[in-house]
Amino acid sequence: MADIDVGGDSGHKKGPGVKKAKKLSTRVDMTPMVDLGFLLITFFIFTATMSTPNTMRLTMPKDEKDPKDLTEVKESAALTIMLGKGNQVYYYMGQIKPDGSNFTSTNFKDIRKVIQDKKAEVMRNHYHDAGCEKIWAKNGGDQNSCKDKDFVVIIKPNEEATYKNSIDMLDEMAINYVQRFALIDITPDENMLVKATEQRNNVQ
Amino acid sequence: MPSVKIVRKSTWTDMTPFVDVAFLILSFFIMATKFKPPQPVDITTPTSVSSSKLKEQDAVLVELDKTGRVFFTVNTLKGGDNETKASVIRGVNQVRNLGLTDKEINAYVRNTTVGVPFSKLKSFLNLPDAERVKAFEGIPVTDSANNELTTWIASAVMAFQGKKLNFMIKGDNNAKFPAFKGIIEALRKNDQFKYQLITDPEGVPVGTDLYKRIQEGKNENES
């Protein structure tokens, strides 16, 4: 099967009357074996899970009933990111202005720069206080480790944001090494702004 | 003029090295393969830079598919700790007054993936394993007044008392946020605040803070 009989030296006659001892070829046709081998390889490739999935740790805060237990955030160090449909991202710094003029729309590619810039800004404006020593001690005396302690990112996905968007944003926190972030519900006002922007930009 | 004699060569090729390679690759795949566990539904997970490995034992797996259906599975140690699984379903049975028989409890222990509301749990457990997939309609989570996942998690926490229980959330890329929020709410109501989100690995972007930390060899996210 793997070879074609070209009729080369098969008719080698020794002479009349000489009985030829029938020599059996030791060549084994390997083709079916190769077929089977590759069939199995294909099967194993298709069923294989090569990369084991990883896990991303997420820690959520406890519901605090008492207002004085709530964490306070410095307005100058807060970045609020909202997630809408169509992989769109919206953000504002500090508090939202009543006219919504600091509400900016962006996308997943550019939000990293925004986070990095804001983090750098917070670290530049860092004001040294007593809490810093504790953080230094925890990080083996690294004096830079306390500079970003005020920086807080608030992530607010609306009801049309996908799970992937939320995870990508949490991942962005890990990528930019944001130590404090919160995943909370969007307020109706913010959601209205998101919806209005989506309509204006014709986001599908 | 002598005619040019064409030398006829045999087309026979030696297949042996070919076979060698084929079987070498084959044995590699047999060794390296871990079979995909049977999945109720197809879920494509998002990617993340996280590098911690998945621990599947003594864990509760909450799955979220792209249409927002939620499934709940209890994984115990390899070999199966049936008593723990049984106490999960018994707890649910008691709290919700479902009136499950021993046969139905055994049916649950055999395959702990559940994806139906409590009202349909009894008939769901009487189905053969193969037909359960068709009956999946998801555990209701988006209604905060009747988040049935809360009961499941409460029961699992009770059953795993004294052991460390991991909560794994596996969501599909296209699932919407409210369902994810419903899952987190259900966990938070049971005072569980640490979860592991199952993701596919992805490279750390060059130049970012995390990248620098890894270069300096001080990334505490590893483990």
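**View 1. The largest nonpolar core of this predicted model holds 67 residues.** A nonpolar core is a set of buried Ala, Val, Leu, Ile, Met, Phe, Trp, Tyr and Cys residues joined through C-beta atoms within 7 Å. A residue is buried if 20 or more other C-beta atoms lie within 10 Å of its own, exposed if 12 or fewer, and partly exposed in between; C-beta atoms are placed from the backbone. Ile81(A), Val70(B), Leu149(B) and Ile183(B) have the most contacts inside this core. Helix 7 of chain B, residues 177-189, gives the largest share of the core, six residues. Helices (H or I, at least four residues) and strands (E, at least two) are DSSP runs, numbered from the N terminus. Residues are numbered from 1 along each chain as its sequence is written, while chains are lettered from A and ligands numbered from 1 in the order in which they are written. In this predicted model, local features need pLDDT of at least 70, side-chain atom pairs count only at pLDDT 80 or more, and totals for chains, interfaces and linings use all residues.

**View 2. Ile81(A) and its contacts.** Two residues are in contact if their C-beta atoms, placed from the backbone, lie within 7 Å. Neighbours within four places in sequence are left aside here. Ile81(A) then touches Val89(A), Tyr91(A), Ile111(A), Val153(A), Ile154(A), Ile155(A), Lys156(A) and Met169(A). Ile155(A), in strand 5 of chain A, is also the bridge partner of Ile81(A).

**View 3. Strand 5 of chain A pairs with strand 2 and with strand 6.** Two strands pair if DSSP finds at least two bridges between them. Strand 2 (residues 78-83) and strand 5 of chain A run in the parallel sense over six bridges. Strand 5 and strand 6 (residues 180-183) of chain A are also parallel, over four bridges. Ile154(A) stands opposite Ala182(A) of strand 6. Why is strand 5 of chain A largely enclosed by the rest of the structure? Five of its six residues, in the run 152-157, are buried, so the rest of the structure largely encloses this strand. In a regular strand, side chains alternate between the two faces of the sheet.

**View 4. Helix 4 of chain A is mostly covered.** Twelve of its 13 residues are buried. Among them are Tyr163(A), Ile167(A), Met169(A), Leu170(A) and Ile175(A). From first C-alpha to last, helix 4 of chain A reaches 18 Å, close to the 18 Å expected at 1.5 Å a residue. The expected span is 1.5 Å times one less than the number of residues. Just after this helix, Tyr177(A) takes a positive phi of about 55°.

**View 5. Chain A meets chain B.** Here 45 residues of chain A are in contact with 58 residues of chain B. Helix 1 (31-47), strand 1 (54-59) and helix 4 (163-175) of chain A each give two or more residues to the side that touches chain B. The largest share, ten residues, comes from helix 1 of chain A. This side of chain A has 23 nonpolar, 13 polar and nine charged residues. Ala, Val, Leu, Ile, Met, Phe, Trp, Tyr, Cys and Pro count as nonpolar, Asp, Glu, Lys and Arg as charged, and the others, Gly among them, as polar. Strand 1 of chain A and strand 2 (residues 52-53) of chain B pair in the antiparallel sense over two bridges. There, Asn54(A) has Lys53(B) as its bridge partner.
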